[in-house]
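Walk through this model one site at a time. Keep the sequence and the coordinates open side by side.

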Amino acid sequence: MEKSNKKYKYIVSFPHLGNYYIPVYNLLNNIVDKEKVKVLMPKKITNNTIMQGAKSSPDFACVPFKYNMGNYIEALEDGANVLIQAGGGCRYGYYYEVQEQILKDMGYNFTFIPLMEEDGVNVLKVYRKLKILNENLSFYDFCYYFLLGFRMINILDKFESYIRINFSLQDNKKEFERIHKELLLDFIKVKNMSMLYNLKRKYTKKLKEVKLNSVTKDKLKIGIVGELFTSMEPYSSFFIEKELTNLGCIVKRYTTATYLLFQKGFAQKNIMKKANKYIDYQLGADGAETIAHTLEMIEQKYDGIIHIKPFGCSPEVNAMPMLQNISKDYDIPIMYLTFDEQTTATGIKTRIEAFYDMLVMKKEKINENNKINNEVKVKKKIKNIKVLNPKLQT
């Protein structure tokens, strides 16, 4: 039987973000003093989350602010007295001070622990902040579980990227979903690197055993670019990836925790080189990446691009004029979706289906034109054939 909350000195929780809540929960659960500290799994985001968050947030704040506020309020109502925030890259890096003040003005009593510094994640500073949850935690043990969590994120991203791209190709449409659910349940229980790598081998084998249809030429390829929260938290974009894969599309997005934590810093030079036809300077947050990744997916023959962002996201608003120019220059359809607490699932689904239908018609027209052009070329070749042996002429 679970211990009563009254027996714990600290009950710690954090915001929900896609399936990354599992590595974060795993990290915290491995480092805390379980006699004194309980890690509270954040609730999955629902309409109540965003409504609670929006009610207590400034109107001009972007959607991630409001979702996080909703997460915090739900956790505090469930007994949490320590909240952890990790985020940066744009205005989000300054949110925690405002969120803390609002929540305390609402009457909640808690300790707030922001993990991000101006220069990113500083392991030593994070260790010092989290030591409140376990006075006997050694720096060595903290680093081990910190690396375990990061490695879990990396493996999770690779698995989910594979599923995202191949979902519409599976013969049994429920196989990937079933395997994915099993994987997440197993990842929560990981205690060490050995367990993690055993699970990696186990689920690599399971995913590879899923029978795929090798015919991909008729599948639409759609890329997703834009702001990180709406890219990585499915509820905030009304499960746009699932909608697209259910329609039979091959879906790709670059924005993952692995990219943001380990790859983005090293990729800036290449990002600007790729996007230099359209921008001379960084746009802030992931604005430049949006331009560069769109161009890269055009090179990879994607049929369409969907740009997603929360309402009021300045870096992505700045990227939109360049995306419009790219759409004209390369004749590729780009759909722009903006999300806030007023956005409805029905409206988004209708627009996705309309975009899909438009891409299907465009692809059919291109295929038909290619067929006609090929027939004309064949006829010209036949007409221009010269018989080398005059005796064979009739």
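V210 sits in the loop that links α8 (193-209) to β7 (221-226). The model is predicted, so local features need pLDDT of at least 70 and side-chain atom pairs count only at pLDDT 80 or more, while totals for chains, interfaces and linings use all residues. Residues are numbered from 1 along each chain as its sequence is written, and side-chain values use heavy atoms, with hydrogens and water left out.

Is V210 buried or exposed? Its relative accessibility is 6%, so V210 counts as buried. The classes are buried under 20% relative accessible area, exposed over 50%, and partly exposed in between, using a 1.4 Å probe and protein chains only. Setting aside residues up to four places away in sequence, V210 touches Q170, E175, F176 and I179. Contact means heavy atoms within 4.5 Å. Q170 is 40 residues from V210 along the chain, yet their C-alpha atoms are separated by 6.7 Å.

Turn to N29, in helix α1 (residues 21-31). N29 also counts as buried, because its relative accessibility is 18%. Beyond its neighbours within four places in sequence, N29 is in contact with K34, V39 and K191.

V121 belongs to strand β6 (residues 120-121). With a relative accessible area of 35%, V121 is partly exposed. M116, V126 and F146 touch V121, not counting residues up to four places away in sequence. The C-alpha atoms of V121 and A86 are separated by 8.8 Å, and the two residues are 35 apart along the chain.

Next, a helix pair. Two packed helices are described by the angle and the distance between their axes. Helix α2 (residues 47-55) and helix α3 (residues 63-77) have axes that come within 7 Å and cross at roughly 105 degrees. That makes α2 roughly perpendicular to α3. Axes are lines fitted to C-alpha atoms, for helices over the stretch in contact, and angles run from 0 to 180 degrees between N-to-C directions. Angles under 35 degrees count as roughly parallel, over 145 as roughly antiparallel, 65 to 115 as roughly perpendicular and the rest as oblique. Which residues meet? From α2 come N48, T49, I50, Q52, G53 and A54; from α3 come V63, K66, Y67, M69, G70, N71, I73 and E74. This contact divides into 6 nonpolar, 6 polar and 2 charged residues. Nonpolar covers Ala, Val, Leu, Ile, Met, Phe, Trp, Tyr, Cys and Pro; charged covers Asp, Glu, Lys and Arg; the others, Gly among them, are polar.

Now the second largest pocket, with a volume of about 880 Å³. A pocket is an open set of points on a 1 Å grid over the protein atoms alone, with protein on both sides within 12 Å along at least five of seven lines; lining residues have an atom within 4 Å of a point. Of its 29 lining residues, N19, H180, P234, F239 and K242 are the closest to the centre. α6 (139-166), α7 (175-188), α9 (228-232) and α10 (240-246) each supply at least two lining residues. α7 gives the most, with 5. The lining has 12 nonpolar, 8 polar and 9 charged residues.

Finally, step back to the chain. It has 14 helices and 10 strands. Its C-alpha atoms fill a box of roughly 100 × 45 × 40 Å along the principal axes. Of the 394 residues, 49% are buried.

Notes. Helix = DSSP H or I, 4+ residues; strand = E, 2+ residues; numbered from the N terminus. 1 Å grid on protein atoms, 1.4 Å probe; cavity = no way out; pocket = protein on both sides within 12 Å on 5 of 7 lines; lining within 4 Å. Points joined across faces, edges and corners; volume = space filled by probe spheres on them.
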